[in-house]
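Trainee: I would like to learn how the words used for a protein model follow from their definitions. Could we go through one together?

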Amino acid sequence: MTQEQDLGAIARSIVDANRFMALGTADARGTPWVSPVWYAPLSYLEYVWVSRPGTTHSRNLDQRPQVAIAIYDSHRPGSWSAVYMAAVAEQLDDVDDALVGFNRRSEAQGLRAWARSEILPPGEFRLYRATATEQFVLDDHDSRLPVHPE
């Protein structure tokens, strides 16, 4: 196994083992905002979540779609593991395929399935997707190493 494959396996294990990601957005002036959001990976490059369109992070995405994401694995006492990503996010209008993946993960974790009517107008929520353009994990010396997902 090559180091690159090891890094990919580490990143995948962190994504699979966790439920929340820290989503970093910025408004039009560049003022940052970080929000924890429950996510479902559609792949190791695509992540979806449900939010109200009026929240700060959702309003920020309307102005600036570039985001930063960190998924930190706090399950490993005495060590740290995290996946860091640069991504582009969007509110989805065509929700059907993404909603299937979102609900699969939700139900697998003992949560409820969401209805299409809840995430499309006039529903209260919207479905968002972030597509990673870069991913990194940390090495033992706290340096970020690039991951190339499969």
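Mentor: Of the 150 residues of the chain, 43% count as buried. Keep in mind that this is a predicted model, where local features need pLDDT of at least 70 and side-chain atom pairs count only at pLDDT 80 or more, while totals for chains, interfaces and linings use all residues. Residues are numbered from 1 along each chain as its sequence is written, and side-chain values use heavy atoms, with hydrogens and water left out.

Trainee: What makes Val15 count as buried?

Mentor: Buried means under 20% relative accessible area, exposed means over 50%, and partly exposed lies in between (1.4 Å probe, protein chains only). Val15 has 2% relative accessibility, so it counts as buried. This residue lies in helix H1, residues 3-17.

Trainee: Which residues is Val15 in contact with, leaving aside its neighbours within four places in sequence?

Mentor: They are Tyr39, Pro41, Tyr44, Tyr47, Ile71, Val83 and Arg105. Contact means heavy atoms within 4.5 Å. In the chain, 63% of the contacts with a separation of 6 or more are between residues 24 or more positions apart.

Trainee: How many helices and strands does the secondary structure of the chain have?

Mentor: There are four helices and eight strands. Helices (H or I, at least four residues) and strands (E, at least two) are DSSP runs, numbered from the N terminus. From that end, the elements run α-β-β-β-β-α-β-β-α-α-β-β.

Trainee: Which residues of helix H2 are buried?

Mentor: In H2, residues 56-63, they are His57, Ser58, Asn60 and Leu61.

Trainee: And how do you know that they line one face of the helix?

Mentor: Seen down the axis of H2, the buried residues fall within an arc of 160°, so they line one face. That arc is the one of the directions from the helix axis to the C-beta atoms. Their cover includes strand E1 (20-26), strand E5 (66-73) and strand E7 (126-138).

Trainee: Where does Pro122 lie?

Mentor: Pro122 is in the loop between helix H4 (116-119) and E7. The peptide bond from Pro121 to Pro122 is cis, with omega near 10°. Most peptide bonds are trans.
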